[in-house]
Amino acid sequence: MIGGPRLDTPSAVGDEGRPRATSLTIAALIVAAFALATGVLSDDPKLFSGIALLAGIAVAGLTLLDRDGLGPTVIGHFCFLPAATGLIASVGQVAVTPLLALGVAIAMVGVATAWTNVLDRETVLTATVSSAVSYLFAVVGLVVGTIVVALAWFCWELVSAVAGGTSPMAAMVCFGVLGVAASGCLYFAVAQLPLVQLTARSRRDAMATRLKRGTRALKLVAIGSVAFTVVVPLALLFTPFGQLVASPPFSLGIRVLSSWVVLAPLLAVTVGALVAGSGVIVIRKFTTEFNAASVRTVGAAIAAVGYLVLVALFLLRTGIFGFVSLPAVFFGALLLPLVVYLLLVLVIGALIFGLLPARAGPAALTASGLICASIGAVQADLPALLVFAGVVSGLVAWDVSTFGLGLTAELGHRPETRQLELYHSVFAVGVGLLGIAAVGIVDAARHAVGSAIGSPETMALAAIGVLLLLAPLRG
Amino acid sequence: MGRRATRWRGAIVAALALAGAGIWEGSGTLLLAATLPLLHLAYGVLSTAAVPEALVVSRAVDPTPAPPGHPVSVRLTVTNSGQQTLSDIRVVDGVPTDLAVLDGSPRGGKTLAAGESVTLEYTLIARRGEHDFDEPRLRVRGTGAGEVATATRHPEGDDRLVCQLDAKAPPLSDQGTDRVGQLTTDAPGDGFTFHSTREYQRGDPAGRIDWRGYAKRGELSTVNYEQWVSTTVVFIVDARSPARVTGGPGRPTAVELSAYATTHALTSLLDSGHEVGLAIVGIDGDGPAGLTWLQPDDGPNQRSLAVERLRAAADAAESNPAGGPEDEADTQRQFRKVMKVAGPRCQLVLVSPLLDDAPVTAMASWAAFDCKRTVLSTDVTAASTVSGQYEHVRRRTRLARCQASGARTIDWRRGTPLPLILDYAFAVAARRPSGSAQPGGGA
């Protein structure tokens, strides 16, 4: 599996992806041609290359999130949320009207979901829940991590302040607290580590006995440390013992207790035991009770760690090069995913209420995206022919995609259907070109005649009249 | 006339959206663009479709009759003998509901110019019985795919697949009369295959003298050939409820396959002059202990009687897949009874899928009689599922246990031609001087 999981396994391509490859290829070419033409007319042929890349990666991630394996799930997380977030950010950043960029992005997502056949309610719902869990893990991890780092920093500062100092009270308290923490953490680690299981069978009884003795000793040390932490400061405060320890040779002992020679091993034992015990719990949790749900949860947790690393790297780079403000990146990473989830919820709602047809959802998305982009092209003052081409592209994409769907539904996956698809596509494209030519001529005539006949008001009246006449046909 | 396909409702929405946006933006371009969806709508509406009478349909089924489990290729051809090009024709053949398609697809579609044909080729797995094909359905669409017309046409050629247990195993009278007795023994004697030489004894036939050896060494010696003797073989067919299973939908049951294998084997053995008996376990018969029993005998009549009983067993297994009220004790009793009624001098051939331990136990108990025993096991386990692979491993283990008890085991895996298996099982054909009878009964 060099280079990650394959997308073209049956579970990814789905029941309908591969057999209607010709129709999907034509739809994809239409979208690509429209995006390229728009880019060329906007003086930047690579205008939508970023959006295309992000749309592809996001849909690949969406597809992989529907898998059961841990590897594909994790890679799906890494692909989906960053790419989807980037896609939304890119739509606002492209140097054309937002509606145009949005339309092209929707069309590209439509084509990609048609290839991978993932725009159905169950898949989108599963992916949304899975991704939202990973996002929540990341946010919670961020909060918990911040608290832990702050706590660690505070402890470090405290120990650093005490270390090498001469205050008997501080030294005693610090030593006592560290003793309690070290013994407690060791007890926790010994309880969690599978020491008996890792011992040879012949020596397990002896090891169990030793462990019992060890844990009892650790309990005693912990209790002793607590007592030491409480009693010694009181003794220092209210008895002449305070003056006694302030003078040599006891002051030397105090200096030793507050030196790094004593504190550093205690700190190391505390941290090491804590990490070992927690690690064992995490590994045990991840390797037992293994089923599809736990794979998804584990995948989401791993992805959450990945997100945090990714955001940290981005923030680091931003901090070094300073091309975007730190708060913008931080809040962008935190808030833009919420927009992604909002859009996914809208898609799920559209699928539930039938606004997006169950099987032809990707085709509808592609067509509506291209029509939306055509409206955006008008706003961007792009040539009328491009607008007509955009509308026709949407219609042809819908036509060939739904034709391919019907073909698969009727004939199944095995028959060779390329000739039928190509034949239909040629006619669909031909009718589309005829339409562009006809409407282009009318538009040219409209401009030639002048505003009296070709004004928007008269055109609107004509258009409404035509619609009313043709509405009874209803497709 | 066909029915209209509603593919362009979205075009109305698109037209309304563009018109609305055009009015909102005050853009004549968008208003003009709003007419484009209507153009496609009109294109779809104006498209018409009808299934022309000039379509010629023919079907070829090969082979028919076929034995159970045998792949049967079906070829359906639709020819456009008219003058018009059909932009979109889709064909679905009426595959019999009881049969499963093994390879290929009974569906297809093409653009058919005048004189062109579309051919569907697919493979079915034969199951016992006569299976009628439905008429193929033809669906034609207009150029814009706006209208759909569907019709059925009666095809020329084959419209039935016949599957018989004795397919490819012609009656004994067709096989000639060259009965020699073909199971070899270790003792040398008369025959056709060289075995050894011995010192010449007075009275030995001149045809058996090793003249070449005499020319070289000057000593007379006599050639011994492998001796072929006639024997009695009893087939025990496992038709109990554990054997009434299939390897997948539309495939023959293990009982059917066992009956087919037995039909071929007994045909071959009867043809070679052996006496053949038959016992069917698991079917309520009129023999001892409820066994379906056919006393060992030879001749064409014996074959007819055996095939009739095998058919009845396959019918009973198919009509009642869950099995009858007979319990495990009954079938064990039937297995034990086989040896008593067959006698100690016969050879036993157990034909079973070995999906439980009862046949293995029976095979082990027959070992006490010191007769030659063979297990011919039909493989109906599915390799594509975990449970199927598990069953396959268990079955292989049972085969190994049978082998350990001294029996000869033959694993008839799916896809291996039965004649090849039988050839190996009885080692007949390779020893014949001329191919008048094959072990698979003429295959």
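Mentor: Axes are lines fitted to C-alpha atoms, for helices over the stretch in contact, and angles run from 0 to 180 degrees between N-to-C directions. Helices (H or I, at least four residues) and strands (E, at least two) are DSSP runs, numbered from the N terminus. This is a predicted model, in which local features need pLDDT of at least 70 and side-chain atom pairs count only at pLDDT 80 or more, while totals for chains, interfaces and linings use all residues. Residues are numbered from 1 along each chain as its sequence is written, and chains are lettered from A and ligands numbered from 1 in the order in which they are written.

Trainee: At what angle do helix 17 of chain A and helix 3 of chain B pack?
Mentor: Helix 17 (residues 418-449) of chain A meets helix 3 (residues 35-46) of chain B at about 140°, and their axes are 10 Å apart. Helix 17 of chain A is therefore oblique to helix 3 of chain B; angles under 35 degrees count as roughly parallel, over 145 as roughly antiparallel, 65 to 115 as roughly perpendicular and the rest as oblique.

Trainee: Which residues make that contact?
Mentor: Helix 17 of chain A contributes A:Val431, A:Gly435 and A:Val439, and helix 3 of chain B contributes B:Thr35, B:Leu36, B:Leu39, B:His40 and B:Tyr43. Two residues are in contact if their C-beta atoms, placed from the backbone, lie within 7 Å.

Trainee: And the chains overall: how many residues does each give to the contact?
Mentor: Chain B gives 47 residues and chain A gives 49. On the side of chain B that touches chain A, the largest share, 14 residues, comes from helix 1 of chain B.

Trainee: How does that side of chain B divide by class?
Mentor: It has 24 nonpolar, 16 polar and 7 charged residues. Ala, Val, Leu, Ile, Met, Phe, Trp, Tyr, Cys and Pro count as nonpolar, Asp, Glu, Lys and Arg as charged, and the others, Gly among them, as polar.

Trainee: Turning to chain B itself, how do helix 5 and helix 6 of chain B pack?
Mentor: Helix 5 (residues 254-271) of chain B and helix 6 (residues 300-319) of chain B pack at about 175°, with axes 9 Å apart. The two helices of chain B are therefore roughly antiparallel to each other. Their contact has 10 nonpolar, 4 polar and 2 charged residues.

Trainee: Last topic: how is chain A divided?
Mentor: Chain A has domain 1 (10-138 + 294-415) and domain 2 (140-290), with bounds from an automatic or database domain assignment. Their C-alpha centres lie 52 Å apart. The contact takes 8 residues from domain 1 of chain A and 6 residues from domain 2 of chain A.
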